Every structure is written in C-alpha cells, then in structure tokens.
Amino acid sequence: ELFEAQVRERPGAVALVWGGAELTYQELAARANRLAHHLVRRGVGPETRVGVLLERSAELIVALLAVLKAGGCYVPLDPAYPPERLALMLADAGASVLVARGGLASDLEAPHAAVVDLDVLADALAAEPDDPPRSGASPENLAYIVYTSGSTGKPKGVMVAHRHVVQLVCETDYVRFAPGDRVAQASNASFDALTFEAWGALLNGATLVGIGRDVLLSPRALREFLRGNGITTLYQTTALLNQLSREQPDIFAPLREVLFGGQAADAESVRRVLASGKPKRLLHMYGPTETTAWCSWEAVEHLDEDALTVSVGRPTGNQRIYLLDSALQPVPIGVPGEAWVGGDGVVRGYLDRPALTAERFVPDPFTAEPGARMYRTGDRLRWTADGVLEFLGRLDAQVKIRGFRIEPGEVESVLSAHAGVREARVIVRGDAPGEARLVAYVVGGVDAEELREHLRRSLPEYMVPAAFVGLERLPVTPNGKLDVKALPAPELGSAEERYVAPRTPVEEVLAGIWSEVLRIERVGRRDNFFELGGHSLLAVQVISRVRQVLAVEAELGQVFTRPVLQDFARGLETAARAELPPIQPASRGDRLPLSFAQQRLWFLEQLGNLGGTYHVPTRLRLRGALDRAALRRALDGIVARHEALRTTFAEVDGTPEQRIAPAEVGFHLVEHDLAGRPDAELQRVMAEEARAPFDLRRGPLVRGRLIRLADDDHVLLLTMHHIVSDGWSMGVLFDELSALYAAHREGRDAQLA
C-alpha cells in the first residue's frame, strides 16, 4: 500500500535502474501486478511462503514486490548457494511456489514447490491485468523469511512482518529517504540489508540503482559508478569499507550518506575515509537480523588517534537496547552486559522453532506496552559515560566474517556427517593480522580437499573453512572442555607433497603477491587461490597488486575463472606481451616525480591538522637478551636496502619531487628506559610516538623507539609515513629485520636477495 501511494503520486518518476534499463514507478507496479495476479491464482495469499531464486537484477525486485502484492511472504534464495542448501531452505520454509528463471531451479529437489519460470511464462504474464490485486495482508502478516546460520547444523528462518520493514525505512531518525534520492542496491538477496535498500527507496519515492557484483568488487569501477549514477545513499559491509579505504579512500566523498556495519569496525580504515573526503554523513550501524537489519546507529564525524574501534552509537528511534547481567538486571555505565533489544523492530521469531523462539524472544519487563518482547542478542556491549554503546564481542561461538553471520556449530555438524570424520571443531583464528579465518580441526584422517568438497555440497562458500588441521585427538582442559589454546595454528599454503615451484618470472611474482595477500609462507604454481583461503575481497587486493607490480590491467573475474596460479599467470603473460613495454629503472639523476598516491598524501599533508592519520605504526615485544648493536645494524641495513625509506619530498617551484638520500644515512632509533614505571606510562609513550608528526621535506619518514622495560624485556616501536610505505610493506620489513638481526647477532654479514 505504501508503494502504491508512491505510484499514484509520481507514476512517471524513475523507480528502478538496473544495467542501463529504467523502470518508472508505474512500469514497475504494472510488471509486479501482472506477476502478482499469476501468484494469486497459484494460491498465494497472506502467510504463503514463496521462494525467489533469481540473480540480483530488475527481475528480482519485480518478483519480491509481486509476492508482497499477492499478500505472500517471500523467501530470498541466493543462486550462489549449493543446491542442497537451497532445497533445505525451501523445504524448511514450506514454500508452495518458487519464482525462478531459466535453469536456476532445475538442480533443486523441491517437489512441493510449483515453479514459476519467468522465461517460460513470459507471454502468459504479459496478458495478466496491470492493476494491483487485493492482497489481504495486514501489518502483522509476514513480508519475508531470511535464513541465518544455525548452531544445530541447520539454518534457521527469521520471520519478518510488514510492520517491521516499515519501522526500518519510514520516518526514521537515522536516515530520511525522499524523491530524487538514488539508493544503491548492492546487497545479495539473502542479506537483510536488501530490505533497507529496496524498500527504503521504493516506499519513499526514491530511485533504486543496482550495482553489479564485478563493479562492486572493483574499487576503480565502483568509484566511476557512484559518480556517474549520482548515488546519494549506499550501504557497505564493514569488510568492504575496510578494503575500499585502502584502495580508494576518497571513493565516498560525493555521497550524501554511507552506512556500514556487519562486524566490528577497524578504526584505522574509518580514519582513512574521514581524512580523505568523507561523505556528508558516515553512519555506523549495529543490529542482528532478528531486530530487522539493525537497531542502533552512530554518525561518525571524528575518531581519536588512539581509538581502536568505532562505537555503535544509540538505539534507533523506535528500538530500545538494554544491557543486562545474568539475572536480567541492568548493568551500570561502563560495565559490560549482554545486549537485549526491545521495540518495533523485534521480529516474530524463528520459523517452526518454538523452543528456540521462546529462549531468545522473551517478554519485555521494562515497558508497559502489552505483549512487548525483547530479543537476546548474545552480544557483549557497554554504555560509555557519553551515552553511546561500545561493541565488545560475542558471549557465544557465533562469529561474523566479512559481514556474514556464521554459527561454527553448523559447519561442525556438516563435517561430522562425513563418514570418515570421528570428531570436528571449527573456530575462528586471527593468526594473520586483520584477517579472521575459519579453521576446522578434524579427527579422522580425511583429506582436506575431500572435506572441502563435502562442505561445498551443503554450505555456501563463505562458511567453508580456509584451512583444515588433522589431529589424532582434540585437546581438552582438565574439566573436559575443548582446549582452544592448545589447538595448533594451521599451516596455510601449499602442502609439501603437492608443492610445485613457480617456473616463469610472472609465476614467481604472482606467487609472491598471493603469499603476501593470503599471508601464507609458500605458494606453488598448481595452487588454487580460494583453496588457500582466498575470497572476493582478497581477490581485489590481488588485482591491485598485479597492477602495481606488473603494470597489467587484469579483470577481477580472472581470479574466479582462473583460480590456479599457473593459469592466472598465463593470462597475465599474454597481456604483458601484447600491451606493455619492458619496465626500465628510472635514472636517479633526473627529477623524480611523485606517484598519484604520493601526490594525494603530499597535498593532504600541506593542509595540516591530520595528526597521525597517515602514519603506519607497529610495535614488537622483544623478550630475552637483546643485542642492541645487532638490532641497530639490522635497522640500518633495511634503510640501506630500500630507497623508499630514504626518500624525502622537496618542493621545487611549487611542485613536489622525490629526493633519495645515500644508503649510509642509517635508521633513526631512540632509546627510552621505562623500567619500573607503570603500564600507563608505556601506553602514553606509544600513543605519542604514533602521533608525532613527520616532516616530509626533511625526513626521515621512518623512525623507531626502543623502550626498555627490564634487562630481558623491551618494546620496539616502528613508525612510518604512508607516503613511503603501506600495509603490505610491513611483512617485508619484519622478514628482513628478523633475518638481518639473526645474522648480525651471529657475527656474519647477511646476504638477502
């Protein structure tokens, strides 16, 4: 009804843009009405579940709208999911109808769902009436059921009613849609952010603009799309925002508002966005699917230099958040508690799971509203003195990786169904900084590739562990629980018996890039990028590194179509031979201009007041007897080896240029003694060191501070300016520091390739 009101008010306004095609509100309504009439004759009405198995497209939006117009409840199905999982979701939902097109439904075992093939029925649908059918749906009837990972080994359906959607997108306090707005549609069908995108636009007279997957995962293409299509509002997962902040930190500058969420935010990534041309409003969103996408928000305008994360703000205007202890009593300000959410966004519950619904959705004792309930999130938060919420983590095993909600118990259940697996546990490990990975520990001696294929038949790709570790038995604590600390770190990389060394120069370079991006020690020519733990966001980094190192413009899709290193390298060799001249070193006697990235950073530094935004600080704890002379020689050696660390930026006639100091310049290391001082003093020194300004003209642009805590305990602080370094460079620095220090300590000269 709210959509139809927009159709009557602005029939000729553009409602939907997808792949160059446009539909006005009147045209979109007519297409949805024709399909809706067909669905009504198929028996669709209030509470009837209709599966929708379509790629992200205009047809997907038409189908979702048609199901609602028929009075039914849509069940979005991602075509990327394995057929077995899609069939399970259809059966669990009790879907009587499945809307699909082409051969998408041919592999599904769904005997109880009548298939409405949009291609086969195109002529019949064109003959249906254009006027809206009488739906009979009320605000309390279901609008959709979306599935999330379940700890019992079976996904669970979250039931969302019409009124829950309306409270999310109409007359809200965090964002206001209006005619003329252009809202990006970037989320997968089974991701609840689609609710915000599609109905936020179409219930408020705005235009919904679809973004293809290849564009979404290519920073340069996305930048052009956002500007060329005049996008005003965009939702991004935190993982993708982190990625884009490294590749194109000013990509969001033209937008009115960017919303992000889905997992704990990286403060450094957000600082890059704020410093490089932020959108008019940058909103950090928090909330589980069970509260209709999200229940709190924070307008991020500034982050302190020492902030490690981003607060999740305050509840949205129609939701309430309580932080309670185990007795369901409110905790004081500053004390961590479990988050319970009440208000208009709390959904009906879990489909056909009355016991689980009763456990997670309980009567709300803090309001006089009849029948009000609150949802137990399992998240640990605290109120700050400023009245905002800080996210501290989970109270159970549930995790979020790249915005996807995963119950490790579901992965364990599917693993245990393999005949050769006696026992299995799945945990999240963060052995690689900034990259959380699912790791499976398996008792039973089954080959990792066999287990991976077994899981892929039932689970979406994001739930397949990046690594499998075979054990004779799972370690346990004295009280019989799994001893997580005793689980060995996985050996990510090519197995010894399968390793085949790269053979060509391009293969060698590409193996090095994969090794850095995947943070694994060794990559062979027959290794598969995704079987080594790769995913779409890391594929974006590979393409960026290939462009930087080989000067080849590779398409993101090549990583997916040629995931084996030797095949991918062959495509790059062809591109290099066909398009690129040989790379020649520049003369150091000529004027050395800045790269585009360096020009941007240099310009921003001229504006001042950036603090440590573009500093790359790190710290190492050094325990045991320290050879200071060997450490100094190692650091001097690193500076001598890398021109970038000896580079400064002079201004000549208003134009900056690079100046490279001789290799003998050495490393600037200051020693500091804090033995016997309180920990707060160490924290203060580290914060000051990270923020202390650099002089781009005089240098040096890399510095260190060695802090003595005791004779056998030191902290080494290393800080570089981003204009001469990046995150990938840190791995090179640590490797060389380790090798050079060991060599000098043993009294020999190190020879590094």
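How many disulfides does the count come to? Here are a few friendly notes, with the answer in point 2.

1. A word on the basis: this is a predicted model, in which local features need pLDDT of at least 70 and side-chain atom pairs count only at pLDDT 80 or more, while totals for chains, interfaces and linings use all residues. Residues are numbered from 1 along each chain as its sequence is written, and side-chain values use heavy atoms, with hydrogens and water left out.

2. The count comes to zero disulfides, a disulfide being a pair of cysteine sulfur atoms within 2.5 Å. Cys 73 is in none: the nearest cysteine sulfur belongs to Cys 170 and is 19 Å away. Cys 170 is in no disulfide either, with the sulfur of Cys 295 nearest at 18 Å.

3. Cys 73 is buried at 0% relative accessible area, and Cys 170 counts as buried at 16%. Buried means under 20% relative accessible area, exposed over 50%, and partly exposed in between (1.4 Å probe, protein chains only).

4. Helix H4 spans residues 83-93, and its buried residues are Arg 85, Leu 86, Ala 87, Met 89, Leu 90, Asp 92 and Ala 93. They pack against strands E3 (49-53), E4 (73-77), E5 (97-100) and E7 (142-148), and against helix H13 (408-416). Helices (H or I, at least four residues) and strands (E, at least two) are DSSP runs, numbered from the N terminus. Gly 94 follows H4, with a positive phi near 65°.

5. Thr 148 lies in strand E7 and is buried, at 7% relative accessible area. Beyond its neighbours within four places in sequence, Thr 148 is in contact (heavy atoms within 4.5 Å) with Pro 155, Lys 156, Val 158, Thr 289 and Arg 405.
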